[in-house]
Amino acid sequence: MNILHTTLNSTRESIRVGKEDKPAMTVISKLMKLTFSEILYAINKFNSVTEKISNPTGYMLTILYNAKEQMSLEIANQVEHDMTNGLM
């Protein structure tokens, strides 16, 4: 939550997300649209990483920034997998 708070209150013109500087308002806008379940998804993704993360704050911000799209893709993939394998 601290990462969200810090980013949403940033006064910088750009914010680094995934090794790329993006306009701060673009990042803030995207983060403001996250739902509770998408934030939990991002936290679970972060917690599932087993290798050492050199920049945990930057890594978490990147996961949060991409959470909405990534979660949708994973759900679509799971549904397709289940339908293909007769699990639904």
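This is a predicted model: local features need pLDDT of at least 70, side-chain atom pairs count only at pLDDT 80 or more; totals for chains, interfaces and linings use all residues.

Mentor: Residues are numbered from 1 along each chain as its sequence is written, and side-chain values use heavy atoms, with hydrogens and water left out.

Trainee: Which pattern does the chain follow along the sequence?

Mentor: The pattern is α-β-β-α-α-α, and the chain has four helices and two strands. These elements are DSSP runs numbered from the N terminus: helices are H or I with at least four residues, strands are E with at least two. The C-alpha trace spans about 50 × 30 × 20 Å along its principal axes.

Trainee: What makes Thr-7 count as buried?

Mentor: Buried means under 20% relative accessible area, exposed means over 50%, and partly exposed lies in between, with a 1.4 Å probe and protein chains only. Thr-7 has 8% relative accessibility and therefore counts as buried. This residue is found in helix H1 (residues 2–8). Leaving out residues up to four places away in sequence, Thr-7 touches Ile-15, Val-27, Ile-28, Leu-31 and Leu-61; contact here means heavy atoms within 4.5 Å. Over the chain, buried residues make up 27% of the 88 residues.

Trainee: Which residues of the largest nonpolar core touch the most other members?

Mentor: A nonpolar core is a set of buried Ala, Val, Leu, Ile, Met, Phe, Trp, Tyr and Cys residues joined through side-chain atoms within 4.5 Å. The largest such core has 18 residues, and those touching the most other members are Ile-15, Val-17, Val-27, Leu-31, Leu-34, Ala-42 and Leu-64. Two or more residues come from each of strand S1 (14–17), helix H2 (24–32), H3 and H4. H4 gives the most, with seven residues. For Leu-34, the contacts beyond four places in sequence are Ile-39, Leu-64, Ala-67 and Lys-68. In soluble globular proteins, nonpolar side chains tend to be buried together.

Trainee: Why is the pair of Phe-46 and Tyr-59 called tilted?

Mentor: Rings of Phe, Tyr and Trp (its six-membered ring) pair if their centres lie within 6.5 Å; planes under 30 degrees apart count as stacked, over 60 as edge-to-face and the rest as tilted. The structure holds one aromatic pair. The ring centres of Phe-46 and Tyr-59 are 6.1 Å apart and the planes stand at 55°, so the pair is tilted. Phe-46 belongs to helix H3 (residues 36–48) and Tyr-59 to helix H4 (residues 56–84), 13 residues apart. Phe-46, at 23% relative accessible area, is partly exposed, and Tyr-59, at 34%, is partly exposed.

Trainee: How do you know that the charged end of Lys-30 sits over the ring of Tyr-65?

Mentor: The rule requires NZ of Lys or CZ of Arg within 6 Å of the ring centre and within 35 degrees of the ring normal. The charged end of Lys-30 is 4.1 Å from the centre of the Tyr-65 ring and sits over that ring.

Trainee: What makes Glu-38 and Lys-68 a salt bridge?

Mentor: A salt bridge needs a side-chain nitrogen of Lys or Arg within 4 Å of a carboxyl oxygen of Asp or Glu. Glu-38 and Lys-68 meet at 2.9 Å, N to O, in a salt bridge. Glu-38 lies in helix H3 and Lys-68 in helix H4, so the pair ties together parts 30 residues apart in sequence. Glu-38 is buried at 9% relative accessible area, whereas Lys-68 is partly exposed at 29%.

Trainee: How many salt bridges does this rule give?

Mentor: The count comes to five. Among them, Glu-74 pairs with Lys-45, the closest N and O atoms being 2.9 Å apart. Glu-74 is in helix H4 and Lys-45 in helix H3, so this pair ties together parts 29 residues apart in sequence. Another joins Asp-21 to Arg-16, with the closest N and O atoms 3.4 Å apart. Asp-21 is partly exposed at 45% relative accessibility, and Arg-16 is partly exposed at 47%.
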